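Biologist: Hi! Could you walk me through this structure? I'm new to it.

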Amino acid sequence: MRTLYMRDHATDRQPATVIHDENNQAAYLLAGKWGLRQDALSLYNMCGDLLAEVSQLSLGLLPKFALYVNHQKVGVVGKSLGFVREVVYIRGLNWVIVGNALTNHYRVFKGSHQVFAMEPAAETGASFLAITINHPQDEPLAILVACVLNHWAKRPDPQPLRRKFKWRPQAEPGLSMGTTLRDCHWQKLH
């Protein structure tokens, strides 16, 4: 059993992320991006060998991602319509994910055996995720599944343009502070 630490994608603005072990030694390099169909994240060992990839198959409310090892598809994970408590099945790997998207705490099982667990690392102020993996051969896929889960856990800002441009309704000149342009047009129509 080994615990790896990965920077939370919400706090990481770098094109590549180094994943560290408990001794703060670099273990893996994660490179790539999300957002468009066919975008992918690739996981490399520290010698530069490609170990595994996750590719975005579809966009929308219920996106799907394919997992690859040695350029062979080994599984597909898709978002479910779970509310707070989620249960997701990874076809091909026969892994079952149980967790909470709001707190970013997950456990992944194959049968009755836990493959890995993921949670925000308490000692880092939640800027890193702790991924505890039971078997070394599962580490590459566990890291990529953890990236997908972390991607789903973050909620987009519901009003990004309003905050970016600091939009506020403006009153027409000569009107009181509470009267907006819409109120003025309403009065002219009636």
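Predicted model: local features only at pLDDT ≥ 70, side-chain atom pairs only at ≥ 80, totals over all residues.

Biologist: Good to know. How many helices and strands are in the chain?

Modeller: The chain has 3 helices and 12 strands.

Biologist: And what share of the residues is buried?

Modeller: Of the 190 residues in the chain, 36% are buried. The chain's accessible surface is about 11,700 Å², and carbon and sulfur atoms account for 57% of that.

Biologist: What about contacts between residues 24 or more positions apart?

Modeller: They make up 31% of the contacts in the chain with a separation of 6 or more.

Biologist: Let's go inside. Which residues touch the most other members of the largest nonpolar core?

Modeller: Those are Met 6, Trp 95, Ile 97 and Phe 116, in a core of 38 residues.

Biologist: Which element gives this core its largest share?

Modeller: Helix H1, residues 139-153, supplies 10 residues, the largest share.

Biologist: Back to Met 6. What is Met 6 in contact with, leaving aside neighbours within four places in sequence?

Modeller: Quite a list! Met 6 contacts Ile 19, Leu 30, Ser 127, Phe 128, Leu 129, Ile 131, Ile 143, Ala 146 and Cys 147.

Biologist: I see a cysteine there. How many disulfides does the structure hold?

Modeller: The count is 0 disulfides. For background, a disulfide is a covalent bond between the sulfur atoms of two cysteines.

Biologist: Is Cys 147 buried or exposed? And Cys 47, buried or exposed?

Modeller: Cys 147 is buried, because its relative accessibility is 8% and the cut-off for buried is under 20%. Cys 47 is exposed, with a relative accessible area of 71%.

Biologist: Changing topic: how many salt bridges are there?

Modeller: The structure has 1 salt bridge. Glu 139 pairs with Arg 2, and their closest N and O atoms are 2.9 Å apart.

Biologist: Where do Glu 139 and Arg 2 lie?

Modeller: Glu 139 is in helix H1 and Arg 2 is in strand E1, residues 2-7, so the pair ties together parts that are 137 residues apart in sequence.

Biologist: How accessible are Glu 139 and Arg 2?

Modeller: Glu 139 is at 4% relative accessibility and counts as buried. Arg 2 is partly exposed, at 25% relative accessible area.

Biologist: What about Asp 138, where does that residue lie?

Modeller: Asp 138 sits in the loop between strand E12 (128-133) and H1. Asp 138 is buried but has no salt bridge.

Biologist: Which side chain of opposite charge is nearest to Asp 138?

Modeller: Lys 110 is the nearest one, 7.2 Å away. Leaving aside neighbours within four places in sequence, Asp 138 is in contact with Trp 95, Val 115 and Ile 133.

Biologist: Last topic, the backbone. What is phi at Asn 24 and at Asn 104?

Modeller: Phi of Asn 24 is near 65°, and Asn 104 has a positive phi of about 65°. As a general point, most residues other than glycine have a negative phi.

Biologist: Where are Asn 24 and Asn 104?

Modeller: Asn 24 is in the loop between strand E2 (16-20) and strand E3 (26-32). Asn 104 is in the loop between strand E9 (95-100) and strand E10 (105-110).

Biologist: Buried or exposed, for Asn 24 and Asn 104?

Modeller: Asn 24 counts as exposed at 59% relative accessibility, whereas Asn 104 counts as buried at 3%.

Technical notes:
Residues numbered from 1 in each chain as written. Heavy atoms only, no water. Core = buried A, V, L, I, M, F, W, Y, C linked by side-chain atoms within 4.5 Å. Buried < 20%, exposed > 50% of the residue type's maximum accessible area, 1.4 Å probe, protein only. Helix = DSSP H or I, 4+ residues; strand = E, 2+ residues; numbered from the N terminus. Contact = heavy atoms within 4.5 Å. Disulfide = S-S within 2.5 Å. Areas by Shrake-Rupley, 256 points an atom, 1.4 Å probe, with all protein chains shown as cover. Lys, Arg positive; Asp, Glu negative; His and termini not counted. Salt bridge = Lys/Arg side-chain N within 4 Å of Asp/Glu carboxyl O.
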